[in-house]
Amino acid sequence: MNAVRDVCVIGLGLIGGSVLRAADAAGRTVWGATKSTSDAASAVGDGYDVTTDVAAALRRAAAADAVVVLAVPLPAVRAVLHDVAEHAPRCLLTDVTSVKAPVRDAVRDVTPDATYVGGHPMAGRSVSGWPAAEAGLFEDAAWVVAVEPGTDLGAWREVATLALDVGARVVPLGPGEHDESVARISHLPHLLAAVLASVGDTGGPVASALMAGSFADGTRVAGSPPGLVRAMTEGNRAALLPVLDEALGALGAARGSLASTGGLAATIEAGHDATRRIARRRATAGTTVSVTLSAPQAREALLGVGARGGRITAFDGDVAVAVVP
């Protein structure tokens, strides 16, 4: 095993392209593959080692013992995993998709010989494709590196190191906890933005002429590519449904209060207080996340990464490492 692994990225849109650029900037040997001829041509034009031949890129990864990063939309994951199973079946595999449990289950089903550690960088924009990618996209962004009983902690350390190398801070989370969290802070907001945009549009030219900052803030992510939004929200159905029910319940309570008493104080004050609590949490030195691990070497493996600069969010349970600066 190399001290610092090469990196092979499959899928070169905004996130995959940014991983390739950032890993290259960090001094890694990198190459990538995409089925998009336009993205491949743009990447090659920018001086990167990119092909449209996914199989060839994976064979090279197998020969070099590289870490393979899957950066394709969730609906395409299984198809690419079949390529991995054929051309790099025992590789160290990670991904950057927005749900973790479904990808983990697909890996176990399609390419069980791979050593898999799930990942999800919490960074993005409402534009897509290689031209939107940038090396600095992950700077100081949270990057979930999934961990659960049975996780190969040596592999976890390597994936976490890659995330640290591209400027992110690592947050170790179980797949289920990750999926429930992103349902609340990413997937539900996309749905609400879509609804807000539709309601605003129904107001016609007059409403459009009056739109200002609050509408723009609330609907920004509705401009994201619909296919990508569908992939992450529908792919996280199990976690998103109860969170959506919670939001609908709160809206129903607001509607009932407005209809019966004319007042919205409870809803508005609860939201204001929640915003202040969130701001206080984000301003603290670190966020505590509970992870239960049975592996006796967990502390040593994770501390080894924390020693690289203390950019792992603090967590407790069976292991405890450095606090984010």
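User: Which residues of the largest nonpolar core touch the most other members?

Analyst: Nonpolar side chains in soluble globular proteins tend to be buried together. In this predicted model, the largest nonpolar core has 38 residues, and the two that touch the most other members are Phe138 and Trp143.

User: Which element supplies the largest share of this core?

Analyst: The core in question is the largest nonpolar one, with 38 residues. At least two of its residues come from each of β1 (7-10), α1 (14-25), α2 (37-45), β4 (67-70), β8 (142-146) and α6 (153-165). The largest share, eight residues, is supplied by α6.

User: Where does aspartate 65 lie, and is it buried or exposed, or partly exposed?

Analyst: Aspartate 65 is not a glycine, and yet it has a positive phi of about 55°. Its place in the chain is the loop between α3 (54-64) and β4. Because its relative accessible area is 28%, aspartate 65 is partly exposed.

User: What is the relative accessible area of aspartate 140?

Analyst: Aspartate 140 also is not a glycine, although its phi is positive, at about 65°. This residue lies in the loop between β7 (119-121) and β8. Aspartate 140 is described as partly exposed because its relative accessible area is 47%.

User: How many salt bridges does the structure hold?

Analyst: Side chains of opposite charge can pair when their charged atoms come close. Among the pairs in this structure is the one between aspartate 95 and lysine 100, whose side chains meet at 2.9 Å, N to O. The number of salt bridges that the structure holds is 13.

User: Which residue forms a salt bridge with arginine 60?

Analyst: The pair links distant parts of the chain, with arginine 60 in helix α3 and its partner, eleven residues apart from it, in the loop between α2 and β3 (50-51). The closest N and O atoms are 2.6 Å apart, and the partner is aspartate 49.

User: Are aspartate 95 and lysine 100 buried or exposed?

Analyst: These two residues meet through their side chains in a salt bridge of 2.9 Å, N to O. A residue counts as buried under 20% relative accessible area. Aspartate 95 and lysine 100 are both buried.

User: How many residues apart are arginine 184 and glutamate 246?

Analyst: Arginine 184 forms a salt bridge with glutamate 246, and their closest N and O atoms are 2.9 Å apart. Arginine 184 counts as partly exposed because its relative accessibility is 37%, while glutamate 246 is partly exposed with a relative accessible area of 46%. The pair links distant parts of the chain, helix α7 for arginine 184 and helix α11 (residues 237-260) for glutamate 246, and the two are apart by 62 residues.

Notes:
Residues numbered from 1 in each chain as written. Predicted model: local features only at pLDDT ≥ 70, side-chain atom pairs only at ≥ 80, totals over all residues. Heavy atoms only, no water. Core = buried A, V, L, I, M, F, W, Y, C linked by side-chain atoms within 4.5 Å. Buried < 20%, exposed > 50% of the residue type's maximum accessible area, 1.4 Å probe, protein only. Helix = DSSP H or I, 4+ residues; strand = E, 2+ residues; numbered from the N terminus. Salt bridge = Lys/Arg side-chain N within 4 Å of Asp/Glu carboxyl O.
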